[in-house]
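I opened this structure to look at a couple of its helices. My notes follow in the order I made them.

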Amino acid sequence: MPEDTDLLQAFDLLERKNMQVTVEDLSSVRKVLHIEIPEEDVNREVENAYKELKKTAKIKGFRPGKAPRAVLERHYRKDVDADISSRLIQESFADAIRQEKLNVVGTPDLNPPDLQYKMPYHYDATVEVTPELEEIDYKGLELKKVKWEVSETAIQNQLKMFQKNLSRTEAIEEDRPVTEGDFVLIHYEGFEDGAPVEDVQRTENFTMKIGSAQIAQELDDALIGKKPGDSLKVDVTFPEDYGNKTLAGRSLTFHIELEEIRKEVLPEIDDELAKHFGPFETLDALKAEIEKNLKEGYKKRIEQELNEQIFAKLIEKRDFEVPDTMVEYELEGIIEEAERSFMHHNMTMEQLGLTKEHLAEKYRGTAVKQVKRHLILNKIIDQEELTLEEGALEEGMAEMARSFNQPVEGIKGYYQQYPDKLQHLQYTLLEKKALELI
């Protein structure tokens with residue numbers, strides 16, 4: 001026997017059975033629902049609202065429960081209408097979605113009209129829906145697999161990068177002027193119209209490489225030919241697209257004192273260098289670790305290249321539209337990941353001259369592709385009735401722990417704290433299984 005709540009819902013649906021819904025297609029993923037709620041439903045809501053209000057309304061000159069309907073309307077109609085409209089829309093919209101079997105994403109765009117008594121209530125709701133994909137034929141795709149192999153050159157390049165990380169600069173001994181490629185130690189301060197600039201306050205013992213245009217190319221050019229002890233003034237006009245937005249488009253005069261000409265000193269690539277980059281006693285041990293990491297990176301690169309080909313070919317067979325809501329959600333994730341990356345390097349978007357709007361514009365195409373990939377994989381998961389084997393979730397967490405160099409218990413604890421994230425991990429593993437199937 002159904003529960004009381006089930007009976008009530010059934011009665012509600014019967015009462016609203018005469019609700020009229022028509023669907024207007026703006027595109028394959030964007031619809032307008034034209035909804036009409038019958039006059040009797042509106043009248044019933046109005047009568048119930050005023051009956052309840054009459055019990056509690058306090059109006060001067062009338063005892064509780066005795067105020068006439070006309071008086072109640074005069075004092076409370078605006079609030080009552082808003083409450084009734086909200087309830088009618090909330091209930092009828094949910095029924096309309098079920099009736100039309102629409103998989104709505106995001107929040108509907110509503111512009112409800114004022115409520116009119118003793119007549120039907122009409123309103124429109126613009127919604128986005130997930131696209132309905134036909135069965136995907138993924139078999140027989142021709143894919144090109146590039147075989148990446150670790151070379152001695154790649155290992156040496158990695159070692160040179162480590163060597164560069166341990167480099168230092170020291171003052172040169174010979175008496176000569178600055179040349180291209182030198183490192184210089186300077187003190188500088190920026191002025192605008194003769195007044196010090198707060199954003200370019202006096203900075204001492206600043207090291208920069210001539211030719212790198214670390215601050216501005218004009219400074220590099222002006223320092224060439226100068227000797228330690230020289231002072232100079234350099235006019236710089238920063239371009240409108242300069243990385244530091246506080247300086248973009250401004251014209252400043254830099255007062256510079258050249259303290260030293262320095263040279264870069266690189267350590268030897270040997271066992272001593274290896275000890276700086278982990279528990280390595282020898283250079284050969286470090287090289288073995290580099291080779292291992294390169295192999296893992298190449299393996300991921302091969303997988304990524306194959307995945308790119310898979311989706312390009314599947315979309316080429318049958319392209320489809322995607323809802324803006326899903327694209328925006330994906331964009332938020334991309335921007336958040338970028339912000340985390342900047343923070344990891346102790347940088348902010350503002351320091352890099354970036355804004356969320358700029359990143360959203362730059363990565364919108366990427367977000368659209370990502371949404372299409374998720375939808376394709378979701379279709380294949382449903383189509384092939386894929387499920388996770390016993391222990392797959394545990395192994396997924398263990399792999400994540402290895403990637404982040406964290407204990408497995410810490411990863412499990414995180415997902416216990418955030419169940420929604422656990423659901424996302426399960427779906428990610430299913431997507432991976434779908435890709436492996438392809």
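**Helix 8**

I looked up the buried residues of helix 8 and found V327, E330, L331, I334, I335, A338 and F342. Viewed down the axis of helix 8, these buried residues fall within an arc of 140°, so they line one face of the helix. I note here that the model is a predicted one.

I then turned to the other side of helix 8, where Y329, M343 and H344 are exposed. Next I asked what the buried residues of helix 8 pack against. The partner I found is helix 9, residues 356-383.

I also checked the length. Helix 8 runs over residues 324-344, which is 21 residues, and at 1.5 Å a residue it should span 30 Å. The C-alpha atoms at its ends are 30 Å apart, so the two figures agree.

Just past helix 8 I stopped at N346, which has a positive phi of about 55°.

**Helix 11**

I moved on to helix 11, residues 408-417, and listed its buried residues: I411, K412 and Y415. Why do they sit on the same side of helix 11? They cover an arc of only 95° around the axis, which puts them there.

On the face turned away from the buried side of helix 11, I noted E409, Q416 and Q417 as exposed.

Last, I looked up which helices the buried residues of helix 11 pack against. I found helix 10, residues 392-404, and helix 12, residues 419-437.

Notes:
Residues are numbered from 1 along each chain as its sequence is written. This is a predicted model: local features need pLDDT of at least 70, side-chain atom pairs count only at pLDDT 80 or more; totals for chains, interfaces and linings use all residues. Side-chain values use heavy atoms; hydrogens and water are left out. Buried means under 20% relative accessible area, exposed over 50%, partly exposed in between (1.4 Å probe, protein chains only). Helices (H or I, at least four residues) and strands (E, at least two) are DSSP runs, numbered from the N terminus. The arc is that of the directions from the helix axis to the C-beta atoms. Contact means heavy atoms within 4.5 Å. The expected span of a helix is 1.5 Å times one less than its number of residues.
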